[in-house]
Amino acid sequence: MRTDPFRELDRLAQQLMGPGTWTQPSPMPMDAYREGDQYVVAFDIPGVSADALDIDVERNMLTVKAERRPVAKADDAQMELSERPLGVFSRQIVLADSLDTEHIQADYDAGVLTLRIPIAERAKPRKIAIDVGSGHKEISG
């Protein structure tokens with residue numbers, strides 16, 4: 001799996017430039033690792049409701065988008081400090097051909113979106129049987 005090597009630069013720019021939009025989304029932090037016969041990708045998106053998540057796979061490109069909307073406040077509430085970013089967050093990952101994109105499982109719990117992507121059967125290691133001949137063959141010419 002490949003990811004954007006400039007993620008930290010994007011994160012810093014997002015903090016300086018404000019919330020992400022649908023045309024210029026902010027990146028979201030993630031972890032990716034192999035666990036047995038599947039790859040696991042976990043995205044941190046706390047404060048996002050499940051209906052504000054969008055996951056797409058086109059060929060081998062996985063796209064995850066999320067939108068954190070402002071929380072409704074009382075009319076007399078005054079904001080003292082606002083550090084949690086709002087707006088649109090997105091991440092694209094190029095998936096290897098050895099992954100089975102037809103059977104991706106997604107779970108969302110405690111602000112973490114976890115995707116489990118199984119390794120395709122054709123990519124799993126397998127033993128090749130060796131056929132041993134019982135007789136000798138001569139080549140005549």
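Two strands pair if DSSP finds at least two bridges between them. Strands (E, at least two residues) are DSSP runs, numbered from the N terminus. This is a predicted model, in which local features need pLDDT of at least 70, side-chain atom pairs count only at pLDDT 80 or more, and totals for chains, interfaces and linings use all residues. Residues are numbered from 1 along each chain as its sequence is written, and side-chain values use heavy atoms, with hydrogens and water left out.

**View 1. Strands β2 and β7 pair side by side.** β2 covers residues 38-44. Its pairing with β7 is antiparallel and runs over 7 bridges. Phe-43 stands opposite Leu-113 of β7.

**View 2. An open sheet has 4 strands.** Their order is β1-β2-β7-β6, with antiparallel pairing. β1 (30-35) and β6 are at the edges with a single partner strand each, so one side of each has no neighbour in the sheet. From one strand to the next, the twist averages 15 degrees (axes are lines fitted to C-alpha atoms; angles run from 0 to 180 degrees between N-to-C directions).

**View 3. Ala-110 sits in a loop.** The loop lies between β6 (105-109) and β7 (112-118). Ala-110 counts as exposed because its relative accessibility is 74%; exposed means over 50%, buried under 20%, and partly exposed in between (1.4 Å probe, protein chains only). Pro-46 is 64 residues away in sequence, yet 7.0 Å away in space, C-alpha to C-alpha.

**View 4. Arg-68 belongs to strand β4 (residues 61-68).** Arg-68 is buried. Its side chain reaches the backbone oxygen of Pro-46 at 2.6 Å.

Technical notes
Lys and Arg count as positive and Asp and Glu as negative; His and the chain ends are not counted. A salt bridge is a side-chain nitrogen of Lys or Arg within 4 Å of a carboxyl oxygen of Asp or Glu. A polar contact is a pair of N or O atoms within 3.5 Å; within protein, one must be able to donate a hydrogen and the other to accept it, and residues adjacent in sequence count only if both atoms are side-chain atoms.
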